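Here are my notes on the side-chain contacts in this model. Please read them with the structure open.

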Amino acid sequence: MIFTELARALDNGWALTFGGGVEPAAPTPSTMLYDEPHRQLRRYEGAHGSGRPVLLVPPLAVHSSCFDLRPGQSLAKFLLDTGRTPYLVDYGRITYADRNLGFEEWIDDIVPTAIARVSAEHGGAEVDVIAWSLGGTLALLTAAEHADLPIASVTALGTPIDYRHHPMLAPSRLLARVTGGREVAWSTALFGGIPAFAVQLGFRGMALPREIMRPWFIARNLGRSEALARMEAIDRFIGRMPGYPGRLYRQNHRLMIVGNHMAKGSIPLGADRVIEMAKVSCRVLLVGSPSDNIAPAATVAPGVRVLTGAAEARYVEVPRASHLGLVAGPEAASWAVIDKFLGSAVLADR
């Protein structure tokens, strides 16, 4: 037994240093349905059932593999196993050339087009939308602005609504009241947004204890291949993060973080355009966790108060889940919550 564990530790040590890693990437098979700039649509393949189709909507500045991190940490595979047909809209790389893209491109074009195409694949069926982080913001704004879309429900995982309850953003909100947000405008104009390397550093910084304890974690788990494989998957995910387009980042900073307009229920997106959250009419599930440092539960829960026109607005809190853990487990507690929420609608339809 001791020799077996020692051999495994030596194998893992070699794989982490000189080899190709403890576990190679093994994404769930998928088929590309169309491939257009920032609008790639893929369908995950497996034993599809009779349930409604599901569209997975990632946030900006995050690689779409968040929904399919690795075996045992794949919401896409979980949905397949529960008899649903999951699809993914993928924005691809964000570069300096995309600096003028804003919320409008996503809520008026990219997300609505993906929903419509998924619906068409299923004979006009309604679509359950599952989104993570800022992806939830995009999905909710889309549902509010386009009542004609075939949206059955929106599930938003770790999507902040009331930014007043985010302690880490308090300094940024205070500074913007003094400067008018000019520091954000200047920096995003210079770089065309938030570059990929800055997003990656920021994500690692938000999980600083993990980064500091990394050598100790490796040493303590050298004989545990599963723990090391999870670490590798997260490292791959962070390393593939793209950037933010400048205009959208400025909009999000001004309207959501500083102006807190999501919590107010009205988002002034332009001089003559206001998006009313009360116009979201589908069912909505909001999922948060008190262990989420990026979107604490206290920022997510107030969404129930804002979504007054929804057929149902439900908030569920799951314990001990990080921001990524809400969507990518392992065996995320939120998955059972999602399954129950989507399943209750099917039972009601019958």
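1. F237 is buried, because its relative accessibility is 1% and the cut-off is under 20%. Its ring pairs with that of W132 in this predicted model. The ring centres are 6.3 Å apart and the planes meet at 45°, so the pair counts as tilted. The two partners are distant in the chain: W132 belongs to strand β5 (residues 127–132), F237 to helix α10 (residues 225–239), and 105 residues separate them. W132 is buried too, with a relative accessible area of 0%.

2. Helix α10 itself deserves a look. It has 15 residues and reaches 21 Å from its first C-alpha to its last, close to the expected 21 Å. Its buried residues are A227, L228, A229, M231, E232, A233, I234, D235, F237 and I238. Note that E232 and D235 are on that list.

3. How many aromatic pairs does the model hold? The count is 4. One of them joins Y91 and W106, with ring centres 5.6 Å apart. Their planes stand at 85°, so this pair is edge-to-face. Y91 sits in the loop between β4 (85–90) and α3 (103–121), while W106 is in helix α3, 15 residues away in the chain. Y91 is buried at 5% relative accessibility. W106 is buried as well, at 0%.

4. Salt bridges come next. The whole structure has 16 of them. Take R52 and D128, whose closest N and O atoms are 3.1 Å apart. R52 is in the loop between β2 (40–44) and β3 (53–57) and D128 is in strand β5, so the bridge ties together parts 76 residues apart in sequence. Are these two residues buried or exposed? Both R52 and D128 are buried.

5. The partner is R247, with the closest N and O atoms 3.0 Å apart. R247 is partly exposed, with a relative accessible area of 27%. E104 counts as buried at 18%; the cut-off is under 20%.

6. R283 has two contacts to check. Its side chain meets that of E312 in a salt bridge, 3.0 Å from N to O. E312 is in strand β12 (residues 312–317) and R283 in strand β11 (residues 283–288), so this bridge ties together parts 29 residues apart in sequence. E312 is partly exposed at 23% relative accessible area, whereas R283 is buried at 13%. The charged end of R283 also sits over the ring of F341, 4.0 Å from its centre.

7. Another arginine is placed over a ring. The charged end of R117 sits over Y34, and the distance to the ring centre is 3.8 Å.

8. One group of salt bridges forms a network. Shared partners join R43, E45 and E121.

9. Finally, the surface. I212, M213 and W216 make up a nonpolar patch there, with about 360 Å² of accessible area together. I212 is in helix α8 (residues 208–212). Why does I212 count as exposed? Its relative accessibility is 58%, and the cut-off for exposed is over 50%.

Definitions and conventions
Residues numbered from 1 in each chain as written. Predicted model: local features only at pLDDT ≥ 70, side-chain atom pairs only at ≥ 80, totals over all residues. Heavy atoms only, no water. Phe/Tyr/Trp six-rings, centres within 6.5 Å; stacked < 30°, edge-to-face > 60°. Helix = DSSP H or I, 4+ residues; strand = E, 2+ residues; numbered from the N terminus. Buried < 20%, exposed > 50% of the residue type's maximum accessible area, 1.4 Å probe, protein only. Lys NZ or Arg CZ within 6 Å of the ring centre and 35° of its normal. Patch = residues over 30% accessible without salt bridge, like charges linked within 9 Å, V, L, I, M, F, W, Y side chains within 5 Å. Areas by Shrake-Rupley, 256 points an atom, 1.4 Å probe, with all protein chains shown as cover. Salt bridge = Lys/Arg side-chain N within 4 Å of Asp/Glu carboxyl O. Expected span 1.5 Å × (residues − 1).
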